[in-house]
Amino acid sequence: MKMRPQIPKSLREEGIGILKPQFFVLENNLEAVARHMLIFSLALEEPEKMGLQERSETFLEVWGNALLRPPVAAFVRAQADLLAHLVPEPDRLEEQLPWLSLHALKFRERDALEAVFRFWAGGEKGPEAFPMSRLWDSRLRHYLGSRYDARRGISDWDLRMKLHDRGAQVIHTQEFRRWRDTGVAFELRDSSTYHVPNRTLASGRFLSYRGERVAARGYWGDIATGPFVAFGIEADDESLLRTSNGQPVKTAGEITQHNVTEMLREVAAWGRARATLGNPEEQQHEEGSLEPGTPAAPTPESFTIHFLPLDSAQTLHHKSCYNGRFQLLYVACGMVHLLSPELGACVAPGGNLIVELARYLVDVRREQLQGFNTRVRELAQAAGFSPQAGVRPSETFARFCKSPELALGGTDPAVEPRTLPLEVLAQPLEARSPAPEDLTEPLQGGTPLEPCQLPSASPGLSKVLALPPGALPPSDSESDSKTGV
C-alpha cells in the first residue's frame with residue numbers, strides 16, 4: 001500500500017488531538033509483515049539518530065533495491081537484530097515501539113517472524129546465504145525464456161508501449177533497464193557501491209523436489225513492472241513534471257526521492273503537531289527549539305499499527321471488535337481474491353472501499369484490464385458495496401461505499417458465507433510457471449502455518465477501530481500490488 005506523499009489534512013488539522021488513528025494490516029506472508037515493521041521503524045526513526053535525507057535514501061534502497069550499500073546493509077542488520085529481540089517480548093516491544101501491535105498474531109506466527117528477523121540480522125553469514133544477483137538473473141532468465149538475449153529490447157518495449165502508454169512517461173529508459181538487469185532501481189551513489197544482497201526481499205515457499213515438498217528460500221518478487229510507479233510518476237510540485245523537447249526533465253527516481261522525503265517530513269510534522277496540541281507553552285517551546293525545516297519524530301500517541309493473523313480475512317467478521325467497525329478498507333490488486341461478503345461485513349455502513357486496479361502490470365493486456373475492472377465491481381457489489389458517487393473516474397483505483405441500509409436491523413451478505421471464485425487475470429509470475437531449482441535456497445524446517453485462529457479481543461480494542469470516513473484517500477497516481485488489506 002502506498003499513501004500520498006503528504007499526510008491528509010483531515011488527520012493533521014481536523015482530527016488531531018481527538019482521534020488516535022488505528023491501522024490494521026493483513027498480509028499473506030510473514031516476510032511482508034517483517035518488511036512493514038522494518039520500514040515503519042525507519043520512517044519513525046528519531047531525527048537525532050538519522051537525518052531526513054539519510055532516512056529517505058535508506059528508505060528507497062531498502063524498499064526498492066535488490067542490492068544495498070554497506071552502510072544501509074549495516075542499518076538493516078542492526079534494526080533486524082533489535083526487532084528479533086523485541087518480537088518475543090511484548091512488554092519491551094510496547095515500551096520501545098508503542099506504535100506497533102502484534103497482539104493479534106498467533107504465537108507460532110511470532111516465532112516465525114522472529115526467525116525472519118534473525119536471518120536478516122546475519123544469522124547465516126556471507127552473501128552466499130542469499131545470492132541475490134544470481135537469484136535475480138535466474139528468475140529473469142526463467143521469465144524471459146528464449147527471449148533472454150533480447151532482454152534490452154523487451155525492456156524498452158515494456159516501458160514505451162505499456163508503462164508509458166498507461167501514464168508513466170516519466171520513467172527513463174536507462175533507469176528501467178538498470179532495474180530489469182540488476183534489480184537496483186534507485187542508484188543514489190556510484191554503482192560499484194551496491195553489492196550487498198537485500199535480504200528483506202527474501203521469502204520462502206514450498207517446492208516439489210524428487211516427489212517431496214521441501215521449503216525453499218528465494219526471490220519471488222516483481223521483475224516486470226518495477227517500484228517506480230508507487231512514488232515516481234506524480235508530484236504535487238509541477239516543476240518536477242516539466243518536459244523539454246518532449247522528454248521529462250526529471251527521472252522517476254528523482255521524483256520518487258522528492259516524494260518520499262516530503263512524506264517523511266510530513267509524518268514528522270504531524271507527530272510534532274499532535275505532541276504540542278493543546279499546550280501553547282510547549283508548542284512555543286518546540287517552535288523555538290527546532291531549526292526551520294527540522295522535523296521531530298511522531299509521538300507514541302500518534303497512531304497504532306496492528307498486524308492481523310495470516311489468512312484471517314474470512315473469519316474477522318466473527319469477532320465483535322472487527323465486525324462493522326472499519327470506516328476505510330484498502331485492497332491491493334494482488335489481494336482482490338480476498339474481497340468477499342465476509343470481509344465486507346467488517347466495514348461499517350457508509351464506510352469506504354478502495355481497490356487498486358491492475359493498470360501498471362505490464363503482463364496484463366488492455367482487454368484483460370477491462371475484465372479485471374469488471375470483476376472488481378462484481379466482487380465489491382457482492383460484498384455489499386456500491387460505486388462511490390461524485391468521485392473522479394480513475395484507471396488506478398476503484399472506489400466504493402458500503403450500503404447504508406446495512407445498519408442495525410439490516411441483513412449483511414456475510415451472514416450467508418459463500419465462496420466467490422475470482423478469475424485471476426494477472427497472476428503473479430511465480431503462479432504462472434513452476435520455479436526452477438536454481439532460483440531457491442533450501443530452508444531448515446519450514447512447516448506450513450495452521451489455519452489462523454483469532455485471539456480473544458482486547459477489552460478496549462473495539463473502541464478504537466473506526467477511522468474517520470475518508471481519512472486516508474490515496475491519490476489517483478499511486479500503485480502498489482505488494483500489500484494486502
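**Notebook: aromatic rings and the overall fold**

I note that the model is a predicted one.

I then turned to the ring partner of F40. F40 and W99 form a tilted aromatic pair, with 6.2 Å from centre to centre and 50° between the planes. The two residues stand 59 apart in the chain: F40 belongs to helix 2 (residues 30–43), whereas W99 sits in the loop between helix 5 (90–96) and strand 3 (100–101). I recorded W99 as buried because its relative accessible area is 9%, and the cut-off for buried is under 20%.

Ring pairs join F59, W63, F186, F228 and F231 into a cluster.

I also checked for charges over rings. R151 lies over the face of Y148, 4.3 Å from the ring centre. R217 lies over the face of F119, at 3.8 Å from the ring centre.

I looked up P349 as well, and located P349 in strand 11 (residues 347–356). P349 counts as partly exposed because its relative accessibility is 36%. P349 and P404 are 55 residues apart in sequence, yet their C-alpha atoms are 4.8 Å apart in space.

Finally, I considered the whole chain. I listed 15 helices and 14 strands. Of the 485 residues, 51% are buried. Among contacts between residues at least 6 apart in sequence, 79% join residues at least 24 apart. The accessible surface comes to about 23000 Å², and 51% of this area belongs to carbon and sulfur atoms.

How values were computed. Residues are numbered from 1 along each chain as its sequence is written. This is a predicted model: local features need pLDDT of at least 70, side-chain atom pairs count only at pLDDT 80 or more; totals for chains, interfaces and linings use all residues. Side-chain values use heavy atoms; hydrogens and water are left out. Helices (H or I, at least four residues) and strands (E, at least two) are DSSP runs, numbered from the N terminus. Buried means under 20% relative accessible area, exposed over 50%, partly exposed in between (1.4 Å probe, protein chains only). Contact means heavy atoms within 4.5 Å. Accessible areas come from the Shrake-Rupley method with a 1.4 Å probe; for residues, only the protein chains shown count as cover. Rings of Phe, Tyr and Trp (its six-membered ring) pair if their centres lie within 6.5 Å; planes under 30 degrees apart count as stacked, over 60 as edge-to-face and the rest as tilted. A charge sits over a ring if NZ of Lys or CZ of Arg is within 6 Å of the ring centre and within 35 degrees of the ring normal.
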